[in-house]
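Subject: Structure for your review

Dear colleague,

Here is the structure I said I would pass on. Please look it over before reading the notes below it.

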Amino acid sequence: MKKIVFPICISLIAFASCVPQRLMEETKEKLTSCETESTSLKKSNQEFEAKNAEMKETIAKEQKELAGLQRDTAILGSNLKLLQNKYDKLNLVNDQLLDKYNRMLLGSEKDNAKLSGQLQLTQEQLLKKEDELKALEAKLNKQQQELDALAVELKKREARVNELEDILKKKDQATADLKKKLQDALMGFEGKGLTITQKNGKVYVSMDESLLFESGKTAVQPKGVEALKHVAKVLEQNSDINVLIEGHTDDVPMKGAGEIKDNWDLSVMRATSVTKIILQNSKTDPTRITSAGRGEFFPLDAAKTAEARKKNRRTEIILTPKLDELLKVLGSN
């Protein structure tokens with residue numbers, strides 16, 4: 001950080017004496033709330049992805065079981081057909097024997113006994129085949145019922161997975177649309193201390209210190225105010241977006257004696273200043289916005305050079321589409 005001239009230090013000290021201690025306490029409470037919410041969002045996102053992967057794995061397993069049942073059903077159907085053919089042949093033989101038996105009634109007692117024995121054996125075989133056929137038909141019907149039930153459940157699970165995938169696609173598309181709106185609104189600022197990127201389902205608007213603040217100060221400069229007004233209008237028109245505003249500093253320690261005592265103070269106050277400008281220039285619901293200070297602990301470039309430190313002195317506006325619809329679907333499962 002650049003050294004602050006002695007007259008400015010005196011002014012800051014005088015100003016700090018008017019700031020209630022409660023402001024510092026509220027800022028720290030907001031920081032704690034922000035970190036908790038950030039951890040919760042990451043955990044929720046991991047749980048959503050894990051549950052989606054688990055449902056896909058379950059569907060693959062059930063599809064494999066369904067294929068196995070279909071193969072078993074085909075084999076049972078083939079066996080049923082073979083038994084039916086044997087049954088028909090036995091019926092034919094039975095008819096032939098009955099005919100022969102009738103023709104041989106006038107024959108010898110020996111021939112009649114032999115024919116009677118053959119007829120009885122044939123009838124016993126026929127009854128046995130009938131019992132086998134009935135048992136096979138019952139087993140086939142039971143497996144068909146199981147197959148139908150599994151197919152219904154599989155369709156339900158596929159519908160849920162498709163619904164989740166559709167919601168995720170809509171979320172990704174909403175994020176891409178939001179990025180495009182911001183790029184259109186901030187066309188004159190991109191490449192001039194402002195960048196817009198999309199990653200991990202979020203849109204990041206990163207503003208260099210040179211665009212927003214003088215060195216060591218927390219008041220936003222006019223050109224920064226103009227850029228934030230454009231951002232505020234986009235947020236006002238997209239109410240289904242959560243907003244996290246993070247202040248970042250370099251690793252050079254602050255040596256202030258007033259209200260700004262270290263890099264934590266500086267990052268928090270800068271994030272708060274940006275938040276206030278957005279709220280003052282739009283009808284954005286304040287409950288959608290979280291302000292946080294990160295100090296020097298999340299650098300873009302860890303090198304100990306002037307260029308790296310310049311990159312790290314920034315304010316990031318992180319925009320995340322709300323996951324209410326996705327949470328509703330997961331809750332119904």
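Overall fold

Please keep in mind that this is a predicted model. The protein has eight helices and five strands. Read from the N terminus, the order of elements is α-α-α-β-β-α-α-β-α-β-α-β-α. The chain has 333 residues, and 36% of them count as buried. Taking contacts between residues at least 6 apart in sequence, 74% join residues at least 24 apart. One aromatic pair turns up in a search of the whole structure.

The largest pocket

The largest pocket has a volume of about 1100 Å³. Its lining is made up of 47 residues, and those nearest its centre are K199, N200, K202, Y204 and I318. Two or more lining residues come from each of α2 (21-103), α3 (109-185), β1 (194-199), β2 (202-208), β3 (241-248), β5 and α8 (324-332). Helix α2 contributes the most, with 10 residues.

Two of the residues nearest the pocket centre, K199 and Y204, also form a charge-over-ring arrangement: the charged end of K199 sits over the ring of Y204, 4.8 Å from its centre. N200, another of the residues nearest the centre, is in the loop between β1 and β2. N200 has a relative accessible area of 66%, so it counts as exposed. Its phi is near 55 degrees, a positive value in a residue other than glycine.

E316 in strand β5

E316 belongs to strand β5, which covers residues 314-321. Its relative accessibility is 10%, and because the cut-off for buried is under 20%, E316 is classed as buried. The side chain of E316 has a polar contact of 3.0 Å with the side chain of R314. Beyond neighbours within four places in sequence, E316 is in contact with Y204, V205, S206, L244, I245, E246, H248 and L300. Y204 in that list is the residue whose ring lies under the charged end of K199.

R294 lies in the loop between β4 (289-293) and α7 (306-312). Is R294 buried or exposed? R294 is buried, with a relative accessible area of 12%. Its side chain makes a polar contact of 3.0 Å with the side chain of E246, a residue that E316 also contacts. The charged end of R294 sits over the ring of F298, at 4.4 Å from the ring centre. Leaving out neighbours within four places in sequence, the contacts of R294 are S38, E246, G247, H248, W264 and S267.

S267 sits in helix α6 (residues 263-280). With a relative accessible area of 1%, S267 is buried. S267 and R294 are 27 residues apart along the chain, and their C-alpha atoms are separated by 6.2 Å. Not counting residues up to four places away in sequence, S267 touches G247, H248, T249, A292, G293, R294 and G295.

R309 in helix α7

R309 is in helix α7 and is partly exposed, at a relative accessible area of 24%. Which side chain makes a polar contact with that of R309? The partner is D251, at 2.7 Å. D251 is also one of the residues that R309 touches when those up to four places away in sequence are left out, along with D250, V252 and K304. The C-alpha atoms of R309 and P299, 10 residues apart along the chain, are 8.2 Å from each other.

Q63 in helix α2

Q63 is located in helix α2, the element that gives the most residues to the lining of the largest pocket. Its relative accessibility of 39% puts Q63 in the partly exposed class. Q63 is in contact with L154 and E158, apart from its neighbours within four places in sequence.

Regards

Definitions and conventions:
Residues are numbered from 1 along each chain as its sequence is written. This is a predicted model: local features need pLDDT of at least 70, side-chain atom pairs count only at pLDDT 80 or more; totals for chains, interfaces and linings use all residues. Side-chain values use heavy atoms; hydrogens and water are left out. Helices (H or I, at least four residues) and strands (E, at least two) are DSSP runs, numbered from the N terminus. Buried means under 20% relative accessible area, exposed over 50%, partly exposed in between (1.4 Å probe, protein chains only). A polar contact is a pair of N or O atoms within 3.5 Å; within protein, one must be able to donate a hydrogen and the other to accept it, and residues adjacent in sequence count only if both atoms are side-chain atoms. Contact means heavy atoms within 4.5 Å. Rings of Phe, Tyr and Trp (its six-membered ring) pair if their centres lie within 6.5 Å; planes under 30 degrees apart count as stacked, over 60 as edge-to-face and the rest as tilted. A charge sits over a ring if NZ of Lys or CZ of Arg is within 6 Å of the ring centre and within 35 degrees of the ring normal. On a 1 Å grid over the protein atoms alone, a cavity is a set of points where a 1.4 Å probe fits but cannot get out, and a pocket is an open set with protein on both sides within 12 Å along at least five of seven lines; lining residues have an atom within 4 Å of a point. Grid points are joined across faces, edges and corners, and a volume is the space filled by probe spheres set on the points.
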